[in-house]
Amino acid sequence: MLTLRRTGQALMALSAAAFTTWAGFIALITTRQREMLFAPTRQREVARCSPVGHRTRQVVLRSADGTRLCGWLMTPRVPGPHPAVVYFGGRSEEVSWVVRDAEHLFPGLQVLAVNHRGFGESQGIPGERELVDDGCACVDWLCAAGRVPDGSRIAIVGRSLGSGIAVQVAARRAVAAVVLVTPFDSVLAVARRRIPAAPVGLILRHRFESVKVAEQVRAPVLIVRAERDDVVPHPHTDALATRLPKLIDDVVIPGSDHANIPFIVTTQLLVRRFLRQAFALAEPAETHAAPGAGNDLRDASSCSSSAMPSHSNSDNARS
């Protein structure tokens, strides 16, 4: 009898310890979820760059709440009106690399790449509602500045977490086209897959539920997937793809992973051709990049990069 009693006490102690550990884990997720979802990068990805096909200037936008948002506006060197692209980066992505690669991704197009609040030189603290509002403000700024007549001459490109912003912005604003690179159905669904023991549905505040607004996106959409993606498994992209009314193409890039996919030649040619077709633009007579699956364009322009190795050694850091 004494042995049974001691065994029962030991089991109760183990259960109490397990519950305490689990409760501490849940408390950590609840209090630190912003830091776990957003990992702002302050250092520029590319320190200095001299783009070939665009004139580039730094811009400062003010969000609806007055937050200072910093980025770059790239304008084709050829005079005349040009359609525009707004780019939204990932969870820790500093977007100065877009300045370097604009001639490969977006020839003949204006490009607005603004760092999320808390990233680069942008002020503020990131959050889902704030980032989506800022994304809408970027589209509105291009129209208000007279750079494009309306959203019919603007495309949106979002990568990973930025795809969650892009889908919501495209649901709120009439735009010409949308490119989603390694997109997901929702952060909530991805979190449930990663930590099934946690009640994430009760505690997660920044859900980025793209799947819930996907049917409101009326623009043609291109989805670009990584062949090896351990950050956004393909089933999460599948769930989003089935809800998009005008999904034009859904392409897996050979040899790519979640971190390197934007820098692969195949990706860049695919994106640029989709956007130029969306705006009914002819391909440039000359290109600065030699086509070829798996080739990397990171050293293709005259640039000085402050953090180049991070492209290949951090899946999560650029998600």
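Reader: Which residue stands opposite Gln110 in strand E5?

Author: In this predicted model, Ala84 stands opposite Gln110 in E5. The pairing as a whole joins strand E4 (residues 84-88) to E5 in the parallel sense, over four bridges. Between these two strands the chain passes through helix H2 (residues 97-105), and this β-α-β crossover is right-handed.

Reader: In which sense does strand E3 run relative to E5, and how many bridges join them?

Author: Strand E3 (residues 68-76) and E5 run antiparallel, and four bridges join them.

Reader: How many residues of E5 are buried?

Author: Strand E5 (residues 110-114) is mostly covered, with five of its five residues buried. Each face may be read in turn: on one side Gln110, Leu112 and Val114 are buried, and on the other Val111 and Ala113 are buried, so that both faces of the strand are covered.

Reader: Where in the chain do Phe38 and Phe208 lie?

Author: Phe38 is in the loop between helix H1 (2-37) and strand E1 (46-50), while Phe208 is in the loop between helix H6 (200-203) and helix H7 (210-213). The two residues are 170 residues apart, and the pair links distant parts of the chain.

Reader: Is Phe38 buried or exposed, and is Phe208 buried or exposed?

Author: The cut-off for buried is under 20% relative accessible area. Phe38 has 3% relative accessibility and therefore counts as buried. Phe208 has a relative accessible area of 0% and is likewise buried.

Reader: What are the distance and the angle between the rings of Tyr87 and Trp97?

Author: The ring centres of Tyr87 and Trp97 are 5.8 Å apart and the planes stand at 90°, so this pair is also edge-to-face. Tyr87 lies in strand E4 and Trp97 in helix H2, so the pair ties together parts that are 10 residues apart in sequence. Tyr87, at 4% relative accessibility, counts as buried, and Trp97 is buried with a relative accessible area of 2%. Together with Phe263, Tyr87 and Trp97 form one aromatic cluster.

Reader: Which residues have the most contacts inside the largest nonpolar core?

Author: In soluble globular proteins, nonpolar side chains tend to be buried together. Here the largest nonpolar core has 46 residues, and those with the most contacts inside it are Leu142, Ile156, Val178, Leu180 and Phe208. Helix H4 (residues 161-172) supplies the largest share of this core, six residues. A second, separate core has 32 residues, among them Val95, Trp97, Ala176 and Ile261.

Reader: Which residues does Phe208 touch, beyond those up to four places away in sequence?

Author: Among the residues that Phe208 touches are Leu37, Phe38, Leu161, Ile165, Phe184 and Val187. The list also includes Glu128, Gln168 and Asp185.

Reader: What is the average pLDDT of the chain?

Author: The chain averages a pLDDT of 83, and 77% of the residues score at least 70. Over residues 287-319 the pLDDT is below 50, although this stretch has 88 contacts in the model beyond near neighbours in sequence.

Conventions. Residues numbered from 1 in each chain as written. Predicted model: local features only at pLDDT ≥ 70, side-chain atom pairs only at ≥ 80, totals over all residues. Heavy atoms only, no water. Core = buried A, V, L, I, M, F, W, Y, C linked by side-chain atoms within 4.5 Å. Buried < 20%, exposed > 50% of the residue type's maximum accessible area, 1.4 Å probe, protein only. Contact = heavy atoms within 4.5 Å. Pairing = 2+ DSSP bridges. Right-handed = clockwise from strand over helix to strand, strands pointing away. Phe/Tyr/Trp six-rings, centres within 6.5 Å; stacked < 30°, edge-to-face > 60°. pLDDT = per-residue confidence, 0-100.
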